[in-house]
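I went through sheets, a helix, a loop residue and the aromatic rings in turn.

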Amino acid sequence: MSWRLRIWPDRGQYRPGAPVTLKALVEGPPGAVLTLQLRLTQGAAVIAHLMTPLQVEAGGSVSATLSWNPPAGKTWAAFGADGSLFDDHQTLLAEATTAFDVAPHWRYAPRYGFLSDFRPATSAEGDAERLDDLLRLHITCVQFYDWMYTHYDYIPPQEVFTDVLDRTVDFAAVRRRVAYCRERGMAPIAYGSVYGAEKEFSDAHPDWLLYDGAGRPMNLAGLFFIQDPSPESGWRPYLMQAYQQALDLGFAGIHCDTYGSPKAGLTHDGRLIRLEQVLPGLMAEAQALSQAADPAEGGSMLNNVKAWPVEAMSQAPGAAIYIEVWEPDETYRDLWELILRVRHLDRERQPILAAYLSAFYPKQERPAGAMAGMRLASATIFASGGFHLLAGEGRGLLAHAYYPDHGRLSEEDWAVVQAYWDFQTRYGPLLADPSALDVTTANTTGPAIEARFAGPNALRFSAKGEAGSVWTILKEGEGYRTIHLLNLTGVTSPHWNSAQPEAPLLTDLRIQLECLRSPGAVWWASPDIDGGRPQQANWRLATDQEIGQVLIVTLPHLHYWTMLVVEE
């Protein structure tokens with residue numbers, strides 16, 4: 001019987017001053033006497049060691065709990081936990097890694113997941129297992145998609161009901177999952193449209209609707225009719241009462257959904273309503289309700305479909321800037337530019353991209369290369385400083401804007417997703433530092449080049465995310481620089497919503513950086529290699545005739561994504 005070790009934190013995120021609890025599960029031959037050692041790191045620095053003795057029980061497994069008190073310090077701090085399992089002869093039997101972070105609120109790192117299955121068939125045990133899967137991804141906030149009775153009346157007249165899309169929902173499962181999220185330190189967020197309501201309600205309130213230029217009620221697919229969300233409309237206070245109903249159930253906030261269209265409409269008496277002028281005020285009301293209901297964890301966000309109206313919403317309160325990505329933002333570079341756009345508008349709130357991967361659509365055969373496409377899409381978002389709404393409902397990935405049509409993953413593929421979310425959590429303050437500046441084009445193109453790249457066989461490097469190249473993304477933060485290398489050399493199409501070929505493993509890449517002072521530390525890490533553990537880099541200082549002292553780093557490996565960190 002082979003040995004297996006798993007480690008995970010008991011919360012999606014910890015609050016300052018609270019102890020961290022790490023859980024471990026060991027599976028192997030009964031009766032064995034073991035030692036579990038945990039090495040805790042912050043960046044590349046080892047900051048603590050934990051150890052506990054174990055003895056495998058008769059059933060072939062043993063669990064353990066280890067606690068640690070993080071040092072007080074930065075507002076948002078992230079850590080890695082590397083576990084090693086030894087027998088009584090100090091022989092290494094198994095290894096595992098995990099990550100965790102500490103922040104005052106989940107908005108610092110909105111690792112967004114989803115739940116969409118509330119059928120009566122779901123059990124308390126099954127719900128717990130699915131939420132534990134999300135816990136192992138360090139999810140901090142969870143969208144409950146289509147959990148309500150109707151889009152205008154959230155609370156059902158009976159526990160089990162059928163929604164407008166013919167899905168059976170058990171409200172007991174909704175309440176149970178809200179509680180389970182809370183227990184695991186994940187904020188439950190209730191889906192709620194800002195203006196959609198079913199026909200029977202809309203027929204009863206024609207003066208609350210928006211109309212097109214031909215005088216017809218605006219609607220989505222004839223199912224959801226567009227209400228007037230302006231402050232003068234009766235819909236606005238009615239909607240806020242519905243949001244309050246959700247918050248009274250224990251939700252921490254509202255996912256205020258828009259459909260991307262309409263962007264303007266006419267009221268029943270002919271007034272023109274421009275929604276980019278109306279939605280910021282609506283968002284302010286929703287945010288105030290969520291914060292009043294839960295001062296510690298409350299927070300809401302609005303769906304900026306195709307990045308509209310993100311300029312207006314950047315001036316409104318909210319827990320994050322959420323964008324549902326559609327055409328024409330089709331390439332990896334487009335994802336990067338969307339995140340840069342948010343950063344230019346808002347230097348504090350984090351960007352979340354809902355970038356659905358159609359390769360995982362469950363009603364078609366999954367194409368080869370679906371997981372390679374997932375790696376590159378998520379790596380692009382994470383390296384650019386954003387968060388990716390993709391994983392949820394146990395081991396599922398979103399493939400479509402209708403969340404119940406999500407794809408399910410094998411244990412092997414889920415391990416890949418977990419490695420990427422571990423990596424984002426472990427290095428979150430480096431990846432998503434709101435104050436960091438993206439200097440990709442400034443430092444790698446044009447006559448003044450502070451960063452140069454080279455590799456074997458005339459390897460091509462690009463700052464534009466081009467197919468057939470190694471894409472380089474550079475950022476500068478307070479006291480550090482990060483250089484991200486994304487392997488697009490095997491890609492023929494730079495479209496993020498595509499299955500992609502397996503990336504070739506590249507070796508011996510050389511990076512030259514302008515270096516005014518000798519660095520304090522130089523290291524690299526990759527979610528594809530050694531569990532994302534930090535690796536000391538091979539580096540030296542040299543003199544360049546054009547720019548003076550330079551730092552030359554040789555990276556031994558690049559599979560899909562590698563991050564190089566230079567600390568001052």
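Entry 1, ground rules. I am working with a predicted model, in which local features need pLDDT of at least 70, side-chain atom pairs count only at pLDDT 80 or more, and totals for chains, interfaces and linings use all residues. Residues are numbered from 1 along each chain as its sequence is written, and side-chain values use heavy atoms, with hydrogens and water left out.

Entry 2, the sheet around β6. I took helices (H or I, at least four residues) and strands (E, at least two) as DSSP runs, numbered from the N terminus. I counted two strands as paired if DSSP finds at least two bridges between them. I found an open sheet of four strands in the order β4-β3-β6-β7, with antiparallel pairing. β4 (45-55) and β7 are at the edges with a single partner strand each, so one side of each has no neighbour in the sheet. Axes here are lines fitted to C-alpha atoms, for helices over the stretch in contact, and angles run from 0 to 180 degrees between N-to-C directions.

I then followed β6 (residues 77-87) to its partners. Strand β3 (residues 33-42) is antiparallel to β6 and joined to it by eight bridges. Across that pairing, R39 is opposite D82 and Q37 is opposite S84. On the β7 side (residues 92-102), ten bridges make the antiparallel pairing, and A77 faces V102 there. β6 and β7 form a hairpin with four residues between them, and Q90 in that turn has a positive phi of about 65°.

Which parts of the sheet does α9 touch? I noted contacts with β3, β6 and β7, and the direction of α9 makes about 50° with that of β7. Contact means heavy atoms within 4.5 Å.

I used buried for under 20% relative accessible area, exposed for over 50% and partly exposed for in between (1.4 Å probe, protein chains only). Eleven of the eleven residues of β6 are buried. A77, F79, A81, G83, L85 and D87 point one way, while A78, G80, D82, S84 and F86 point the other way.

Helix α5 (residues 275-293) has 19 residues and spans 27 Å from first C-alpha to last, close to the 27 Å expected at 1.5 Å a residue. The expected span is 1.5 Å times one less than the number of residues. I listed L275, V278, L279, P280, L282, M283, A286, Q287 and S290 as buried. The buried residues of α5 pack against α4 (235-248), β16 (253-257), β18 (272-274), β19 (301-305) and α6 (310-313).

E297 is in the loop between α5 and β19. Is E297 buried or exposed? I have it as buried, because its relative accessibility is 19%. Beyond its neighbours within four places in sequence, E297 contacts R15, H105, W106, R182 and A252.

I paired rings of Phe, Tyr and Trp (its six-membered ring) if their centres lie within 6.5 Å; planes under 30 degrees apart are stacked, over 60 edge-to-face, the rest tilted. The count is 33 aromatic pairs. F423 and W561 are edge-to-face, because their ring centres are 4.9 Å apart and their planes are at 70°. F423 is in helix α9 (residues 411-426) and W561 in strand β36 (residues 561-567), so this pair ties together parts 138 residues apart in sequence. F423 is buried at 2% relative accessible area, and W561 is buried at 0%. I also noted a cluster linked by ring pairs, made of F118, F144, W147, Y149, Y154, F161, F171 and F251.

The charged end of R136 sits over W8, 4.0 Å from the ring centre. The charged end of R184 sits over Y180, 5.3 Å from the ring centre.

Entry 7, strands around β35. Strand β31 (residues 509-514) runs antiparallel to β35 (residues 548-555), with six bridges, and E514 has V550 as its bridge partner. Strand β34 (residues 538-544) pairs with β35 in the antiparallel sense over seven bridges, with L541 opposite L551. Three residues join β34 to β35 in a hairpin.

Note on methods:
A charge sits over a ring if NZ of Lys or CZ of Arg is within 6 Å of the ring centre and within 35 degrees of the ring normal.
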